[in-house]
Amino acid sequence: MSDATFQAPVGTHDVLGPESQLWEGVIATFAQLAYRYGFSMVVSPLFEDVGVFHRGIGEASDVARKEMYVFEDRGGRRLALRPEGTASLVRAFVQHHPVTPWRAWYLTPAFRYERPQAGRYRQHHQLGVEVLGSDDPAIDVEVIALAVRFFRALGITKFRLLINSMGHDACRGAYVEVLRRYLGEHEGELCDEHQKIWSSNPLRVLDCKKPSCVAVTTRGPQLPDYLCDDCRTHFASVVRGLDAIGIASVLSPRLVRGFDYYTRTTFEFVSDVLDSAQNALGGGGRYDKLAEELGGDPTSGIGFGVGVERLLLVRAAEGVSAPLLKRTIDLFVIDTTTQDAATTLVDELRGAGFAVLRAYDQRSMKSQMKVADRSGARLALLIGPQELDSNEVTIRDLRSQDFEQAQTRVPRSAIVSAVAQQLSK
Ligand code: AMP
């Protein structure tokens, strides 16, 4: 326990270097891929009118009922911190009428009042994409392919893609009635919570991970058997498309995911190396009614969100340690004179594009050398009284064991080209 007066709130965490370099790598990898797939970044508010989420993810969803951070601002507005990314992005789409198909990617914190445990936080971070304006199954395939490519780029390979179709209003509606009747007959076998609320939204019972509910719903009527012809054809095209590009999927008839906005394709990526309470890397699906729910014209949409913390956990559990970004310090400047020479030299070298660190506080040569060694820099540039007099700089290769060979002295005016030459060796 630290003796600091304040700690990060329960369920939240600080990410400092060097771990944060992995975050930078994950985000940069995603941004580059998203660009390759034609997505543009969207930045939108972390809080919204609570109605965006009530209508979006559904008032009856677990997240809205039990986990959302809802508050009143000083103007009396009822707001909520975003528990996920999709509803806000669709709200932005409806508000701004961008050209379709609209392809957006985002990075967002997501806030949920959960019971904190490894891999489960009250503030976690999601990377995601949304495509609005087409229900072409080719888009479902592309979006899933992007996620798979992303995991592989991070070195994550031990995961499965679970997939299902939720149908559209009419065929899902018919299924919900059959399911409601079935759950009514097995009410007493459900978990305590669902014994009370199964009837208002029977699909939520399919999402329950408690063994009692799983046992009942596994034996019960299955959604894919109730799809209409159009939804069935759509789903078959998605599975065929995935197959054609070498992505295996596992049909999971009870996969409805936690939010009410899903229609047709739903999917989830589960890791084989984490325990089942936290094994979801990410997931998503189609939401062809969401834009309308939020007051817009009927517009099909699909997207996914993946958890950054979860990705890093899985990556570590799979034993992947390769860095994602090449972040190295090129030069370390040591000045044992007045240190004014270091100020100008560092500025010039950074201006020329090198990554440069230096020591401060008039430390001794020995102590500056130690910091230089720890910094991981390739070269140390030394300015002592002799160098100052002769207007030179000593370059020392920090990776060389041979002291004589490691050092060269160059004119101060030629330092940029001399350093560039040494670094290219
Ligand atoms: P969801 O929006 O619930 O579909 O979650 C998308 C992804 O975000 C999940 O698959 C996890 O990777 C991650 N995630 C969701 N909730 C949490 C949480 N409380 N803590 C950490 N990661 C989370």
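## Charge and surface

The 49 positive and 53 negative charges of the protein have mean positions 2 Å apart. Lys and Arg count as positive and Asp and Glu as negative, with His and the chain ends not counted; each charge is placed at NZ of Lys, CZ of Arg, CG of Asp or CD of Glu. The accessible surface comes to about 20900 Å² (Shrake-Rupley method, 1.4 Å probe), and 51% of this surface belongs to carbon and sulfur atoms.

This is a predicted model, in which local features need pLDDT of at least 70 and side-chain atom pairs count only at pLDDT 80 or more, while totals for chains, interfaces and linings use all residues. Residues are numbered from 1 along each chain as its sequence is written, and side-chain values use heavy atoms, with hydrogens and water left out.

## Overall form

The protein has 17 helices and 16 strands, which are DSSP runs numbered from the N terminus (helices H or I, at least four residues; strands E, at least two). Its radius of gyration, taken over C-alpha atoms, is 28 Å. Along the principal axes, the C-alpha atoms fill a box of roughly 90 × 50 × 40 Å.

An automatic or database domain assignment divides the protein into domain 1 (19-168 + 228-317) and domain 2 (331-424). The centres of the two domains, taken over C-alpha atoms, are separated by 48 Å.

## Thr-263

Thr-263 lies in strand 9 (residues 263-271). Thr-263 is buried, at 3% relative accessible area; buried means under 20%, exposed over 50% and partly exposed in between (1.4 Å probe, protein chains only). Leaving aside residues up to four places away in sequence, Thr-263 touches Met-166, Gly-167, Arg-172, Arg-286, Tyr-287, Asp-288 and Lys-289, where contact means heavy atoms within 4.5 Å.

## Backbone exceptions

Most residues other than glycine have a negative phi, and most peptide bonds are trans. A cis peptide bond joins Gly-17 and Pro-18, with omega about 0°; Pro-18 is in the segment before helix 1 (19-36). The bond from Thr-100 to Pro-101 is also cis, with omega near -10°, and Pro-101 lies in the loop between helix 4 (86-96) and strand 5 (102-111).

Gln-339 has a positive phi, near 75°, and is found in the loop between strand 12 (331-335) and helix 13 (340-351). Gln-339 is buried, with a relative accessible area of 6%. Gln-362 has a phi near 50° and lies in the loop between strand 13 (356-358) and helix 14 (365-375). Gln-362 counts as exposed, at 54% relative accessibility.

Definitions and conventions. The radius of gyration is taken over C-alpha atoms; the globule rule is 2.2 Å times the number of residues to the power 0.38.
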